[in-house]
Every structure is written in structure tokens, then in C-alpha cells.
Amino acid sequence: MSYKDYTLTVLGTGTIGQAFLSAYLSNPKAETAPKKIIACVNSEASAKKLESIYKSSNGIEIEISYGAESNGKAVAQSQVVVIGTKPYLTEKALESCPSLQGKLLISLVAGWTIDQFQQYSAKVSRVMTNTPAKYQYGTAVVANSSAATEDERQLILDLMGPIGKVVELPEKNMDAATGLVGSGPAFVLLILEAMTEAGLSLGIPLKESKECAIKVLEGTAKLAEITGAHPAELKHQVCTPGGTTIAGVVAMEEAGLKSAIVKGITAAANRASELGKK
Ligand SMILES: NC(=O)c1ccc[n+]([C@@H]2O[C@H](COP(=O)([O-])OP(=O)(O)OC[C@H]3O[C@@H](n4cnc5c(N)ncnc54)[C@H](OP(=O)(O)O)[C@@H]3O)[C@@H](O)[C@H]2O)c1
């Protein structure tokens, strides 16, 4: 199937659906861009909010709709459907779209497997992304079903590209990706909060402490990305023998920082594996 002048429906345009949509509309690839995007929600109140956020742009018409009947109509005229509902509401949303079969279905939903989605359409891809996507600083982990053609795989990369970083992995890694990527911002925010409060408790005003903590996180991430070096190597470069940094590192390790983070991401991944089960 060729994807030209097609319509794309976002079925469930809440936090993560909007993160995807905002990223995509910021920089759509002309060759594979849809002619029209229909953003579906459940309630009229959410539809009104979306209408104030999204306007037609870059030659892409935007339509907002809500309710089960509108879902069915939107999907009937679409070739690509991106689903962004909560796991426990996903079945209900899919059941409202009888014409899904044969369409490219891209899931942003945690826990639901390719197998489960294939009851509704054989062509399924799973994407696990996160809220920084909204500002093009997100990560998208993509797992495709074997039914997706090369053109469809490329289309998914084009649709997800504006999110930020796109990584293709086998489906067996999707629960782990949910813990690392989907939940990841919450864990990093805990660290940001802790660093901000550390500065505060040592006498730095809140605003400046938060600004410094944000820049330390951003700068260190960039350093790791640009150098490609292992985190332990970069950490040791900062540690003077007998100095301040190694004293801090030892105190944090005594408090179990690294294992707490590993355990947190593992707990999130384990929870993700339960979400698609009824
Ligand atoms: N939030 C994150 O950081 C994050 C990260 C990674 C993955 N995810 C995954 O993304 C999915 C959505 O999470 P979320 O946080 O974005 O939830 P959310 O903010 O509650 O958004 C869900 C959206 O689905 C709509 N909806 C509910 N039932 C519907 C139906 N029958 N038909 C059409 N639309 C319907 C809701 O509309 P109303 O507002 O009208 O109810 C809402 O717009 C989840 O599966 C989650 O695992 C989320």
C-alpha cells in the first residue's frame, strides 16, 4: 500500500498522543506526511482543549472529534491509526472502530502486545515514547510486526522521527523500554528534585538551585552523548583522588542510589508486562 495523501487518526489524544502529535507537526517529513490528521478523544471537554491547541499547518488538515461514533468514522477514512489510550480503555476504543482491519495500527499503549492488537489489524507496530517528545527531546522505541512492509517501517520512522531519538528493538524489549523510556522522565525528575533540594539545603536559592541542577543533567547527558564514553569512565574523570566528588559518590552508593534506580526501572517494566493482561 502506498501512503500518499492519506488520513491518519490519533485514537486517544491525551498526554502521550499530544506529545506525539506536537512533535510530528513541528517537523513533518513532506514525502510521507498525511493530508489530514483526525485527533480523537472521549469527551467533549477534551475535544475543546485540543481545538485550542491544534490548527491545520504545513498543509496538514487537523480535525478534532470525540465519542465512539466519531472514532468509527475517523478510522473508516484513515490508512494509519495511532492509538494512545490507557491500557484498560484500549479494548473499548478498538471495538468502536470496526473498519480497522488491514490498516497500519501504531500503538503508544504500554503492555498491550502485537499479538493482542492483531485481533484488530495484522499490521501493528508498537512504539514506546515519553513526554519530552512534545518538545522534540523524546525517545521512541519501535517494534514492528512481521506483517509491516519495508515502506511501512520507513513511514513509522518518518512519523516518529520528530520525537527526537528513534531506536528499533524487538518486541521482547518493549516492557523494558516502558520502564526505561516511558517512565524514565519521572525517575529523572526525582533526581532533579533531589539535586534542587540538595542545593537549597546548602543555602542556594530555589530558582538558581533548580536552574543549576537542570543544566548539570542536560550537560552531563550531552557529554555522554558527544563523547560516546562509558558513564563510569566519565565519572572517574570527575573524581580527584581523595577529593570531593568521590566522597559524594561513595555516600550515594552507601545509600544505594544505583541499585534503587535499577530496581525502580525493573518494577516499572514488570508492571508494564501486567497491563495488557485482562
Ligand atoms: N503519560 C506518559 O508519560 C506515557 C508514556 C509512555 C506511554 N504512555 C502510554 O500512553 C497511553 C496513554 O496514556 P496518557 O498518559 O496519554 O493517558 P491520557 O492522558 O489519559 O490520554 C488518553 C486519551 O485517550 C482518550 N480516550 C479514552 N477513551 C477513548 C475512546 N474510547 N476513544 C477515543 N479516545 C479515548 C482520552 O480522552 P478524554 O480525555 O476525553 O478521556 C485521552 O485523550 C497509555 O497506554 C500509557 O501506557 C504514557
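Predicted model: local features only at pLDDT ≥ 70, side-chain atom pairs only at ≥ 80, totals over all residues.
Let's start in the sheet: Leu8 has Val80 as its bridge partner in strand 4.

Strand 4 has a neighbour on either pairing. With strand 1, strand 4 pairs in the parallel sense over four bridges. Strand 4 and strand 5, which spans residues 104-107, also pair in the parallel sense over four bridges. Are the two faces of strand 4 covered or open? Both are covered: Val80 and Val82 are buried on one side, and Val81 and Ile83 are buried on the other.

Next comes helix 3, made of residues 68-76, whose buried residues are Asn71, Gly72, Ala74 and Val75. Looking down the axis of helix 3, these buried residues fall within an arc of 165°, so they line one face of the helix. As a reminder, an α-helix has 3.6 residues a turn, so residues three or four places apart point the same way. The face turned away from the buried side of helix 3 carries Glu69 and Lys73, both exposed. What do the buried residues of helix 3 pack against? Their partners are strand 1 (7-11), strand 2 (36-41), strand 4 (80-83) and helix 4 (87-95).

| Residue | Atom on the protein side | Distance to a ligand oxygen atom |
|---|---|---|
| Thr85 | backbone N or O atom | 2.7 Å |
| Lys86 | polar side-chain atom | 3.2 Å |
| Ala110 | polar backbone atom | 3.2 Å |

On its own, the ligand has 900 Å² of accessible area, and the protein covers 81% of it.

Finally, have a look at Tyr24, a residue of helix 1 (residues 15-26). Is Tyr24 buried or exposed? Its relative accessibility is 1%, so Tyr24 counts as buried, the cut-off being under 20%. Leaving out residues up to four places away in sequence, Tyr24 touches Lys29, Thr32, Ala33, Pro34, Ile37, Ile60, Asp158, Leu159 and Pro162. For a sense of distance, Tyr24 and Lys49 are 25 residues apart along the chain, and their C-alpha atoms are separated by 19 Å.

Technical notes. Residues numbered from 1 in each chain as written. Heavy atoms only, no water. Buried < 20%, exposed > 50% of the residue type's maximum accessible area, 1.4 Å probe, protein only. Arc of directions from axis to C-beta. Contact = heavy atoms within 4.5 Å. Polar contact = N/O pair within 3.5 Å; in protein donor to acceptor, adjacent residues only side chain to side chain. Areas by Shrake-Rupley, 256 points an atom, 1.4 Å probe, with all protein chains shown as cover. Pairing = 2+ DSSP bridges.
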